[in-house]
Amino acid sequence: MRNLLYISNSSYDKQNLLLDVILNDKTYITDIIHRNKKYVIKSFLNKLNFSYLFEKLRVPLNFWFNYRIINQIINNQFHKILIVKGSYVFPITLWLIKNRQSNAIIVNWSLDNMCLRHNNNFWYLSSIKFYDVFFTTKTSNILGLKKIGA
């Protein structure tokens with residue numbers, strides 16, 4: 001059996017057809033990490049929070065999400081690491097994956113056009129060089145991804 005680490009920007013309670021397919025595939029043992037939105041308080045007080053400000057500046061600070069990824073990488077061995085969108089994954093996290101698990105294939109998968117300004121951020125653009133494979137649903141994205149370093 002091979003190990004797969006599935007990392008998603010979405011909430012754990014959001015339906016995800018790709019994850020359903022992966023979980024039904026019996027050739028992989030899958031560990032899942034979601035950016036848990038359950039604990040995000042959407043109120044005026046949250047907008048005063050520094051993390052909200054940094055997210056609006058396109059440099060989101062989600063240390064807990066990256067800590068959980070690093071913890072999985074240190075404690076387990078993975079053959080493939082599938083990152084959906086990846087806009088909250090720090091470049092240092094991907095660098096650590098590359099150094100700790102050099103045989104693992106890091107895959108970026110996104111339905112969005114990640115070349116557009118409102119879909120990417122500083123972390124995504126800084127992390128492009130660490131991905132081994134990019135999957136997109138739009139053929140028009142291929143040239144744009146190559147231009148930004150994929």
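This is a short tour of a predicted protein model, stop by stop, for you to follow in your viewer.

**Before you start**

Residues are numbered from 1 along each chain as its sequence is written, and side-chain values use heavy atoms, with hydrogens and water left out. Because this is a predicted model, local features need pLDDT of at least 70 and side-chain atom pairs count only at pLDDT 80 or more, while totals for chains, interfaces and linings use all residues.

**Stop 1: the whole protein**

Show the whole chain as a cartoon. The protein has seven helices and five strands; these are DSSP runs numbered from the N terminus, with helices (H or I) of at least four residues and strands (E) of at least two.

Now colour by pLDDT, the predictor's confidence in each residue, from 0 to 100. The average for the protein is 76, and 65% of the residues score at least 70.

The protein exposes about 9300 Å², of which carbon and sulfur atoms supply 60%; accessible areas come from the Shrake-Rupley method with a 1.4 Å probe, and for residues only the protein chains shown count as cover. Of the 150 residues, 39% count as buried. Buried means under 20% relative accessible area, exposed means over 50%, and partly exposed is in between (1.4 Å probe, protein chains only).

**Stop 2: a pair of helices**

Select helix H4 (residues 63–75) and helix H5 (residues 91–100). Two packed helices are described by the angle between their axes and the distance between the axes. Here the axes come within 10 Å and cross at roughly 0°. The axes are lines fitted to C-alpha atoms, for helices over the stretch in contact, and angles run from 0 to 180 degrees between N-to-C directions. H4 and H5 are therefore roughly parallel to each other; angles under 35 degrees count as roughly parallel, over 145 as roughly antiparallel, 65 to 115 as roughly perpendicular and the rest as oblique.

Which residues in H4 and H5 meet? Show side chains for Asn66, Ile69, Ile70, Ile73 and Ile74 in H4, which meet Thr93, Leu96, Ile97 and Arg100 in H5. By class, this contact has six nonpolar, two polar and one charged residues. Ala, Val, Leu, Ile, Met, Phe, Trp, Tyr, Cys and Pro count as nonpolar, Asp, Glu, Lys and Arg as charged, and the others, Gly among them, as polar.

**Stop 3: along H5**

Stay on H5 and pick out Pro91, Thr93, Leu94, Leu96 and Ile97, which are buried. Their cover includes H4, strand E3 (80–84), strand E4 (105–110) and helix H6 (122–127).

Zoom in on threonine 93, which is in helix H5. Is threonine 93 buried or exposed? Threonine 93 is buried, with a relative accessible area of 1%. Leaving aside neighbours within four places in sequence, threonine 93 is in contact with Asn66, Ile69 and Ile70, where contact means heavy atoms within 4.5 Å.

Now click on isoleucine 92, also found in helix H5. Isoleucine 92 is exposed, with a relative accessible area of 53%. The C-alpha atoms of isoleucine 92 and serine 127 are separated by 8.3 Å, though the two residues are 35 apart along the chain.

**Stop 4**

Select leucine 82 in strand E3. At 11% relative accessibility, leucine 82 counts as buried. Its contacts, neighbours within four places in sequence left aside, include Leu4, Tyr6, Val107 and Trp109.

Then move to lysine 85, in the loop between E3 and H5. Phi of lysine 85 is near 65°, a positive value in a residue other than glycine.

**Stop 5: two last residues**

Find tyrosine 124 in helix H6. Tyrosine 124 is buried, with a relative accessible area of 0%. From C-alpha to C-alpha, tyrosine 124 and tyrosine 88 are 7.4 Å apart in space and 36 residues apart in sequence.

Finish at lysine 138, in the loop between strand E5 (133–136) and helix H7 (141–147). Lysine 138 is partly exposed, with a relative accessible area of 34%.
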